[in-house]
Amino acid sequence: MRASSSARGVAVVAALVAAVAVLPLLVVIPSALSTGASGALDYLLRPRVGRLLTHTGMLVVVTVPAAIVLGTLAAWLVERTALPLAGLWRALLLAPLAVPAFVSAYAWVSVAPWMTGFGGAALVTTLAYYPFVFLPVAALLRALDPGDEEVARSLGLSPAAAVVRTVLPRLRPALSGGALLVTLHLLAEYGVLEMMRFQTFTTAIMQQYAVGFSDTAGSLLASVLLVLCLLALALELLARGRRRVARVGAGAQQRAVPAALGAWTVPALLFLAVLVTLSLAVPVGTVARWLARADLTGLAGQPVGGLLRVTLATLVLAVLGALAATAAALPGAWLLARHRSGMSLTLERLTYLSSALPGVVVGLALVTLAVGWARPVYQTVGLVVIAYAILFLPRAMVSLRAGLAAAPPELSEAARSLGLRGPATLVRVVLPLVAPSVLTGTVLVALAVGTELTATLLLAPTGTDTLALAFWRQAGELNYAAAAPYAAMMIVLSVPLTLLLRRQILEER
Amino acid sequence: MPTKRHALLALVLAIPLLLTACGGKADSGFTPQAGVLQIYSAQHHNVTQAWADAFTAATGIKAQIRDGEDSSMGHMIVEEGKTSPADVFLTENSPAMTVVERAGLLAPVDPATLGQVRDGMAPSTGKWTAIAARSTVLVYNKDLIREDQLPTSMMDLAKPEWAGKWGAAPGGADFQAIVAGMLADRGETETRAWLDALSRNAKVYQNNIATMKAVNAGEVPVGIMYHYYWYRDQAGDKQGSANTALHYFGGGDPGAFVSLSAGGVLASSDLPTQAQQFLAYVTSPAGQKVLVDSGSKEYVVGKGAPSDPALPPLDSLDAPKVDPFTLNSDTVVSVMTDAGIL
């Protein structure tokens, strides 16, 4: 039953994708090594690098668990309890994905200027990134057959113990995937941390590029980020486990009976209200306040046509980037789900590495490579789309991996035994099964591309303007009224995308 | 459910096709156009745009602007080398231009253009010219400190009594120029001592604006910044500067350093005449007036063109005399690295 020939074809494509994804490393690593071992050690073994390591570590150690706890708790309340207005909460809890993290940081700094440093950084990143955990966990909790849980209850376990023993283990792939995304974003996060005056490797790399005039120091710091990323990837592999999530069985799957909240209803509502206020109301309210100031002064100097043109360019790039990243993730994810081996695992892990690097590092590396080896693609839409695919592959990969894990391989095998060939199986069996997760991956990448700054600035064709660039330009001039329309447009564009994500949770399997 | 799902997927797949179809016209902005002057600009977008528009109106030569930031754009031009699409490069601070100059990528600026700018506003090499200037200032909170309590030299901030009382943004290109000026003026030993004090004693902010706002909010009594952000805020709603005033060090002090925004023509330009014309326009009285009218509050550098009347005259600032080409960025980076700032 091994479809070895098609698997080999997919493996070749997956290897090609992995090769493209690690292209930036071909520039970063030689540049880091260019000073020689002693020079590198001199640079890295400094108190400041120790401080950066501590800061980066602190952020990951606090934000990742916080995002897991908040995301899981919220998902459980919405999907498994008799929470009033669950549908509304589901949409509101996903909505922070529609607000660019740096807009949210701007908002927090203007609402609470005293809240800087580690506390502010951890708060804003947690609020911005918990939906990465909420989304897959909610989808899984809703789809998960409650049968095991009920059996556990009938055998005398308490409700809590039944959840811990039967539901939590099933959540492992969703939790670890979400945690991995949060970690990668934290490693590469710049805008929020700079606003919050909290220095990590990424902010230090940005400074190095702003002040320094050799790439070596920036590349050395970037290499440390790569090591941290490898560490995170190894940990996630251990955390995910190998338990099967897919289910094939006779009869219809049952929907879990919602747990009654009783006296806990009010605290639960209060918890969600606070979470939504902090993660959504603060940034959206601030943008609305800027927008109110913009009505007379800002819009006069802001031709609506200009805003539309910028919006259209952003949309084109977001859609192209999202399709590229999703298509690139598909072979690796499929290979991992169906032919798990050392090689497929390596190919998948390789695609995560570059995304832990700040955009400026990936951007300048691609400038070097394109100028030296592929001059015709330099400053074309094609190159910036490749950069988006490299930077945001993990968002697609994590979603697809979860979707394929939940799609029973037996169905493909049955299709093949009935005479379907490889490609036909893909189109008629696999894709329909994983369509929701393909859509999720695509949407998550599109959201990221729509707010990307540095790689766009370095690689997009001359004359390209995006909402994020326009916002950043005006905000950098302290001109919040003029920046507001761009921020508002980014949020408006993202709302339908987050509604698509909501469908992913609601999708019945 | 499946039909709905398919419709949704079809929609997602169709969007790019639709967009590229409708985007046909908008696409023209997506490629460098032949015969159009390519300006790589790290200057404030509004200023460059105003210059380009006025230049096109005056000469009929069209220009396209590529936005960037000092250092990454400088790196980018060096990577592009002789095949760079850029004709003109404009920076906020001169060290990024020096990087391009050292890579041998700049053509000499027309002597007539250099003759239009004030003395000392171009490097001795003549490879680029100043297009605007900004002065280092000490911003202070009027409620927390009196003018007579302010330091007489920026070097005094290194003294123990100022520990924890000053703010700066050492991580940006702006500050790098200030350190470069100090290094050229005071030498390495004194600069190192001052930077050590900075890394121990100063509160670090991400940029000039954040420093100014922190001083305004009373987080620190004084901060180092460039002058024009303050004047812009004062001309606007004063949200970030109402409680503050500016102190000019003067007397040739490193704290009176004037940083030059630079303009240069790429040796590889395929429109060298037009590129030289652009620099000539920017530094002419008409071009310098565009700078003033843009509201940027930067100093003009052309002869016979007045800066914004709100600013104290550039000549009265008594800035230290430094040849901008000697602003040695490698040493700057190494002293800042050793001080633990980078």
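## Helix 18 of chain A

Helix 18 of chain A is mostly covered, with twelve of its 15 residues buried (under 20% relative accessible area with a 1.4 Å probe, protein chains only). Helices here are DSSP runs of H or I with at least four residues, numbered from the N terminus. This is a predicted model, in which local features need pLDDT of at least 70 and side-chain atom pairs count only at pLDDT 80 or more, while totals for chains, interfaces and linings use all residues. Residues are numbered from 1 along each chain as its sequence is written, chains are lettered from A in the order in which they are written, and side-chain values use heavy atoms, leaving out hydrogens and water.

Among the buried residues of helix 18 are Gly359(A), Val360(A) and Leu364(A). The buried residues pack against several helices of chain A, including helix 13 (215–240) and helix 19 (381–406), together with helix 3 of chain B; contact means heavy atoms within 4.5 Å.

## Helix 3 of chain B

In helix 3 (residues 70–80) of chain B, nine of the eleven residues are buried, including Met73(B), His75(B) and Glu80(B). Just after this helix, Gly81(B) takes a positive phi of about 60°.

## Where the chains meet

The contact draws 63 residues from chain B and 58 residues from chain A. Together the two chains bury about 5100 Å², 60% of it on carbon and sulfur atoms; this is the accessible area (1.4 Å probe) lost on being put together, summed over both.

Methods:
Buried < 20%, exposed > 50% of the residue type's maximum accessible area, 1.4 Å probe, protein only. Helix = DSSP H or I, 4+ residues; strand = E, 2+ residues; numbered from the N terminus.
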